[in-house]
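Notebook open, model loaded. I wanted to look up a few things and jot them down as I went.

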Amino acid sequence: MTAWFKRKEKGIQTATEEKKDTPKGLWYKSPTGKIVESEDLAKNFYVSPEDDYHVRIGSKEYFEILFDDNKFTELDAKLTAKDPLKFEDTKKYKERLVAAQKKTGLKDAVRTGFGKSLGKDIVICCMDFNFIGGSMGSVVGEKIARGIDHAIKKKVPFVMISKSGGARMMEAALSLMQLAKTSAKLAQLAEAKLPYISLCTDPTTGGTTASYAMLGDINIAEPGALIGFAGPRIVKEATGKDLPDGFQTSEFLKEHGFLDFIVHRRDLKTKINLYIDLIQNKQVRS
């Protein structure tokens, strides 16, 4: 039997073999079934225009949104993790690191940039969920600590964009130590009287939530982001109770006082700079 039609082009549909943060191919389908061209999605700050769904993006996209003309200096770009515990489960930790680096083009789950946002010098640390689930290991903690040090040295505001599955199990106690390390560095930032804006994105969970993600002078989040310590299933099993509607969404957390504001991605740059001006008691831009 002869086919009536033959497809001459490949890549018309988004790849579905695995979940990706940044949409690939010519089309992107949101969880509610809305379909949008990837080019239009990028122009709309990676937000689905019909249902306002905020697609997961990484440091590359956030830096494009927040830094003026996407110009910045990356700090500690070559810092990579070791394997002091010689950890191995179904695969050696060293092999996981190499595979993640090859797949993502990243050295680890966070990048730090220093540049200008609306003309003001700023340090931004941004996590990447594509790198081992945005897990927080020793390199993540070290890069955040060094980013805070740079902000103190330059006397500029510090912004943290969290997107994480929690502490990196392959580093065991070493990863848990990063909670205290980053929190102590943020205390030094506060002593220097420099602003700290924390942005929680989807998902922000585990040790990340238990440390720097919730320590901002102003804590903000994107719409619909999952934010919590343990996941909803674990909480339900531990409490033996049904969870309220919208449990652990950014809207639920704001309603219950854990967040100050929910900010649409298109407004991130102006809102973050507004909050910095308010903290520093500067004249608010019109």
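I started with α4 and α5, which are roughly parallel to each other; that label covers angles under 35 degrees, with over 145 roughly antiparallel, 65 to 115 roughly perpendicular and the rest oblique. Helix α4 is residues 138–154 and helix α5 is residues 173–191, and they pack at an angle of about 5 degrees with their axes 9 Å apart. The axes are lines fitted to C-alpha atoms, for helices over the stretch in contact, and angles run from 0 to 180 degrees between N-to-C directions. Helices (H or I, at least four residues) and strands (E, at least two) are DSSP runs, numbered from the N terminus.

Which residues meet there? On the α4 side I listed Ser138, Gly141, Glu142, Ile144, Ala145, Ile148, Asp149, Ala151 and Ile152, and on the α5 side Gln178, Lys181, Thr182, Lys185, Leu186, Gln188 and Leu189. Contact here means heavy atoms within 4.5 Å. By class, this contact has seven nonpolar, five polar and four charged residues. Ala, Val, Leu, Ile, Met, Phe, Trp, Tyr, Cys and Pro count as nonpolar, Asp, Glu, Lys and Arg as charged, and the others, Gly among them, as polar.

A note on the source: this is a predicted model, where local features need pLDDT of at least 70, side-chain atom pairs count only at pLDDT 80 or more, and totals for chains, interfaces and linings use all residues. Residues are numbered from 1 along each chain as its sequence is written, and side-chain values use heavy atoms, with hydrogens and water left out.

Next, the whole chain. I found eight helices and nine strands. The C-alpha trace spans about 75 × 55 × 45 Å along its principal axes. Buried residues make up 45% of the 286; buried means under 20% relative accessible area, exposed over 50%, partly exposed in between (1.4 Å probe, protein chains only). Of the contacts with a separation of 6 or more, 65% are between residues 24 or more positions apart.

Then α2, residues 59–66, which is mostly covered, with six of its eight residues buried. Those are Ser59, Glu61, Tyr62, Phe63, Ile65 and Leu66. What covers them includes β3 (72–75), β4 (110–117), β5 (120–127), β6 (158–164), β7 (196–204) and α8 (268–279).

Two loop residues came next. Threonine 208 sits between β7 and β8 (218–221), and at 0% relative accessibility it counts as buried. Leaving out residues up to four places away in sequence, threonine 208 touches Met127, Met136, Ser162, Ser164, Gly166 and Ala213. Aspartate 108 is in the loop between α3 (93–104) and β4, and counts as buried at 1%. With that sequence cut-off of four places, aspartate 108 touches Ala81, Phe131, Val139, Val140 and Arg168. Its C-alpha is 8.5 Å from that of isoleucine 132, 24 residues apart along the chain.

Most residues other than glycine have a negative phi, and most peptide bonds are trans. Where is lysine 86, and is it buried or exposed? Lysine 86 is in the loop between β3 and α3, with phi near 50 degrees, and it counts as exposed at 61% relative accessibility. Glutamine 248 also has a positive phi, about 70 degrees. Glutamine 248 lies in the loop between α6 (232–239) and α7 (250–255) and is buried, at 6%. The peptide bond from aspartate 202 to proline 203 is cis, omega near -5 degrees, and proline 203 lies in strand β7.
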